[in-house]
Amino acid sequence: MRLVILGGPGAGKGTQAHALCYHLNIPWISTGEILRHAIAEQTELGRLAEPYVEKGELVPDPAMIEFIRKRLQVPDAAKGWLLDGYPRTAFQAEELDFLLDELGQQLDWAIWLDVPEDILLSRSIARSRPDDEPEIVQRRLDLFEERTIPILEYYDYRHRLLKINGNQPPVGVEREILKALNVEFSV
Ligand code: AMP
């Protein structure tokens, strides 16, 4: 299965992505995790991304699109994947569709974890990553509203959007997603 998981910072994407990849036996491709790792290792991508990530800004599209192009062609991605943190802009969403066309693949669903903004803010502040300072969290939330919400429309229009209530305990969210995807489960 080929999935995208969408939601603001603190929506629970990581937790749900982890559970879904376990149930579906597909790789979890988290651009945020990959970038943080690349920064720690000071790879070429890491050095390019660092000034953006530390301010909560988006890494420029061309670098991200190129990265995903390569990543989806690694053999472990042949039978499916879950993208977490990508696409982040409508442009990235379009480019993903072009890439999938080229690869002869199709996205199954874009899962949207719907969580009210005040809850996102308090959840994000409760975490303790270096890019989770209050002003940076606010900036990431603003960017989410501005850049990511149009992606929901993009997928909704293509009948690919699954809206899930993310404002409930993680197991409830997990059940709701698996049910919507028609996956047999016991959680
Ligand atoms: P995340 O953990 O998904 O919230 O990502 C952490 C940071 O990585 C973001 O604040 C951005 O700076 C950067 N980032 C992650 N994914 C993308 C993407 N698809 N496009 C641009 N920047 C990204």
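**Entry 1. Ground rules**

I worked from a predicted model, in which local features need pLDDT of at least 70 and side-chain atom pairs count only at pLDDT 80 or more, while totals for chains, interfaces and linings use all residues. Residues are numbered from 1 along each chain as its sequence is written, and side-chain values use heavy atoms, with hydrogens and water left out.

**Entry 2. Ligand shell**

I found 16 residues surrounding the ligand, and the closest are Thr-31, Glu-57, Val-59, Gly-85 and Arg-140. By class, I noted six nonpolar, four polar and six charged residues in this shell. In this scheme Ala, Val, Leu, Ile, Met, Phe, Trp, Tyr, Cys and Pro count as nonpolar, Asp, Glu, Lys and Arg as charged, and the others, Gly among them, as polar. Helix 2 (residues 31–41) gives the most to the shell, with four residues; helices (H or I, at least four residues) and strands (E, at least two) are DSSP runs, numbered from the N terminus.

I then looked up polar contacts, meaning pairs of N or O atoms within 3.5 Å; within protein, one must be able to donate a hydrogen and the other to accept it, and residues adjacent in sequence count only if both atoms are side-chain atoms. An N or O atom in the side chain of Thr-31 is 2.8 Å from a nitrogen atom of the ligand. A polar backbone atom of Glu-57 is 2.5 Å from an oxygen atom of the ligand, and a polar side-chain atom of Arg-140 lies 2.6 Å from an oxygen atom of the ligand. The protein buries 96% of the 480 Å² that the ligand exposes when taken alone; accessible areas come from the Shrake-Rupley method with a 1.4 Å probe, and for residues only the protein chains shown count as cover.

**Entry 3. Thr-31**

I placed Thr-31 in helix 2. Thr-31 counts as buried because its relative accessibility is 3%, where buried means under 20% relative accessible area, exposed over 50%, and partly exposed in between (1.4 Å probe, protein chains only). Leaving aside neighbours within four places in sequence, I listed its contacts (heavy atoms within 4.5 Å) as Met-64, Ile-68, Asp-84, Gly-85, Tyr-86 and Arg-88.

**Entry 4. Strands 1 and 3**

I turned to strand pairing, for which DSSP must find at least two bridges between two strands. Strand 1 (residues 2–6) runs parallel to strand 3, and four bridges join them. Four bridges also join strand 1 to strand 4 (residues 109–114), again in parallel. Ile-5 has Asp-84 as its bridge partner in strand 3 and Ile-111 as its bridge partner in strand 4. Strand 2 (residues 28–30) pairs with strand 3 in the parallel sense over three bridges, and the partner of Ile-29 there is Leu-83.

Five of the five residues of strand 1 are buried, so strand 1 is largely enclosed by the rest of the structure. In a regular strand the side chains alternate between the two faces of the sheet. In strand 1, Arg-2, Val-4 and Leu-6 point one way and Leu-3 and Ile-5 the other. In strand 3 (residues 81–84), Trp-81 and Leu-83 point one way and Leu-82 and Asp-84 the other, and all are buried.

**Entry 5. Thr-148**

I found Thr-148 in helix 7 (residues 134–157). Thr-148 is buried, with a relative accessible area of 5%. Its side chain reaches the backbone oxygen of Arg-88 at 3.4 Å.

Methods: Near = heavy atom within 4 Å.
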